[in-house]
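Open the model in your viewer and keep the selection panel handy. We will go stop by stop, selecting one piece at a time.

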Amino acid sequence: MSTTANVSAASGRRFAGRSKRVLPGFGLSLGISLFFVSLVLLLPLTGLVLETSGMSWDQFWFTVTDPRVVESYKVTLLTAFAASIFNGLFGLLLAWVLVRYDFPGKRLVDAVVDLPFALPTAVAGITLVTLFSESGWYGQLLSAVGIEVAFTPVGIVIAMAFTSIPFVVRTVQPVLEELSPADEEAAVSLGATDGRVFRKVIFPSLWPAMVTGVALSFTRSLGEFGAIIFIAGNTPYVSEVTSLMIFMRLQEYDYAAASAIASLVLLVSLVLLFSINLWQGRYLRRLEGH
Amino acid sequence: MSITIDQISKNFDGFQALDEVSLDIPEGKLTALLGPSGSGKTTLLRIIAGLESSDGGRILFGDEDVSQLHVRDRNIGFVFQHYALFKHLTVAENIAFGLESLPRKQRPSKTEIQRRVDELLDMIQLPDVAKRYPTQLSGGQKQRVALARALATRPRILLLDEPFGALDAKVRKDLRRWLRALHDEFHFTSVFVTHDQEEALELSDQVVVMSQGQVEQVNEPASLYARPESRFVFDFLGQVNTLSGAVRGQKLSQADAWVSLPGIQAEGEAQLYLRPHEVQLDRSPASHAKLPLRIESISLIGSEVRIELTPEGWQSNEIWEVGMSHSEFARQNPARGERWYAIPDVGHLFLAGANHPRSVNWQYPSGISASNQ
């Protein structure tokens, strides 16, 4: 009797952390997850940095500040910004319609939202260029009013917006579904107009999800390649995106330069995601009160 | 502001939630809408508020027909079961919400709003929480803030939807008492929905009992308990002991049990309803009733001893319950398993097919009243 008690006390001490868990398999599942995270994410990233580290600081600086490359940063940042702002507005509208209203074909629309994720980006690019070229369905109409989309930065914005819209819809949608109708009813019973209810009650709850969605959409747009190259026209200093510059360096077998530019893009994306996460954590803590 | 509900109906996809309900809610009184779930009480409250539209009928505040008026123009205060406070706003901002929603011309100045918020925080006895967020408050505090928010614009009518439903028993009792005191001080016309009989009877000036989309009875709490007008109200409000049987020759009997019914001429199937406090226990039957029962359990906790009994030699759908004072209990000393006889003082007889009971009084036989009506 006393021996068993001793043994269990000892093992209890040894596995103090583990014995409190109810679900088994924590160690195994965490191990596998970390292994794959390393294999698929960390290792290639390390390779990227290693490849870059072969360069001297001057070489690195020279590569990433090449005027044509710098121009591509501007184009990429501006178009990605425009695309994610558009997605923020349109994605919110789409999520709103999908959550708030019932209409025939709602399930279909809901499924179609994911299409940009499922579709190969090259297919998206070719489709877009067919539609927006001067002889295409949309291109004809737009050129009639003097707007050129294909082979201009506007085309880049459209390609980026198309491929990253699901981020906004899919982050805002669940939050919108969770909103309690009582909050809105309370606001209306207090005399608030519809606009005020949206601004003061609904939007503050959606805000964190929207920022996350827009940020994801933005970072995704920074790296978009397949959909863009077909529609962008790739005119130097006008409609070249950074991912294209990386691609061009690769075609020249200049791996070091390619990874130098790539690591810069990586850095920007990571900084953005981390800061969004920090901000959101703080905002949500206030709402949920921890 | 009194409220008149005139033939309000509401149908949800084939479910008749309200069936031509008409009701008058007096000014300055606290009225309870009481009923089981699905009785339509919450729907009625939401229709009064304008959060739900009715299929037919009118709602009047005073003499004004508000049926077509939007919620925001009805000038009501509404308190929700789960508080519905705005999580991203501080307590002060929550309370000020209604004032800041007023059209620019009617909106008070910033300092005026500030003053009113402070005043309301004092009223709800939470002067120090102005800068906190709702998640930092307890359930009872949240509901007080919700109430202050609803009262900020000085609404004509205060509507509360199960306001204590999400709180635990102790807080619920405190808040109930506090709301009653607040009401006695300010006398706003208020309507609250509840499924808790005790809450309705303790808190309100007038109780509206609802069942299946209809009003069963409207009365003051004391009259409602003493004179229920239907089987439903009887069953719904507190414990009741029943004897079902046949009436023949001014006597209701079933197997070994019988009760004399002086003055009742009708014959046929009938049910006698007896409240626990309308029955006494004795070791031998009385001249007007023989109701043999066996004691099943005795509960000593409370201001009264509660004795549960099962019929002996006859049937009843539910266990009987009789209350006895502690001094009486000490004198008589009943014990579990013993056979006792129930001696009714006052009873309520439902004849077959009748919706309303007839009172029977054995204590003062001269005082037999034919009916409540």
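The domain bounds used on this tour come from an automatic or database domain assignment. This is a predicted model, in which local features need pLDDT of at least 70 and side-chain atom pairs count only at pLDDT 80 or more, while totals for chains, interfaces and linings use all residues. Residues are numbered from 1 along each chain as its sequence is written, chains are lettered from A and ligands numbered from 1 in the order in which they are written, and side-chain values use heavy atoms, leaving out hydrogens and water.

**Stop 1: the domains of chain B**

Colour residues 3–227 of chain B as domain 1 and residues 239–372 as domain 2. Their C-alpha centres lie 40 Å apart.

Now select residues 3–237 of chain B, where an unreviewed UniProt entry places "domain: ABC transporter". UniProt positions here follow the numbering used on this tour, feature names are shortened, and annotations may be inferred rather than shown by experiment. The span is 37% helix and 26% strand, and its end C-alpha atoms are 25 Å apart. Helices (H or I, at least four residues) and strands (E, at least two) are DSSP runs, numbered from the N terminus.

**Stop 2: a helix pair in chain B**

Select α5(B), residues 139–151, and α6(B), residues 169–186: their axes are 10 Å apart, at an angle of about 25 degrees. Because angles under 35 degrees count as roughly parallel, over 145 as roughly antiparallel, 65 to 115 as roughly perpendicular and the rest as oblique, α5(B) is roughly parallel to α6(B). Axes are lines fitted to C-alpha atoms, for helices over the stretch in contact, and angles run from 0 to 180 degrees between N-to-C directions.

Show side chains next. Contact means heavy atoms within 4.5 Å. On the α5(B) side, the contact residues include B:Arg144 and B:Leu147, and on the α6(B) side they include B:Trp178 and B:Leu182.

**Stop 3: chain A**

The unreviewed UniProt entry marks several transmembrane regions in chain A, among them 77–99 and 111–132. Residues 77–99 are 100% helix, with end C-alpha atoms 32 Å apart. For residues 111–132 the helix share is 82% and the end-to-end C-alpha distance is 24 Å.

Finally, select α8(A), residues 121–132, and α9(A), residues 137–144. Their axes come within 4 Å and cross at roughly 45 degrees, which makes α8(A) oblique to α9(A). Which residues of α8(A) meet α9(A)? Look for A:Thr130, A:Leu131 and A:Phe132, which meet A:Trp137, A:Tyr138, A:Gly139 and A:Leu142.
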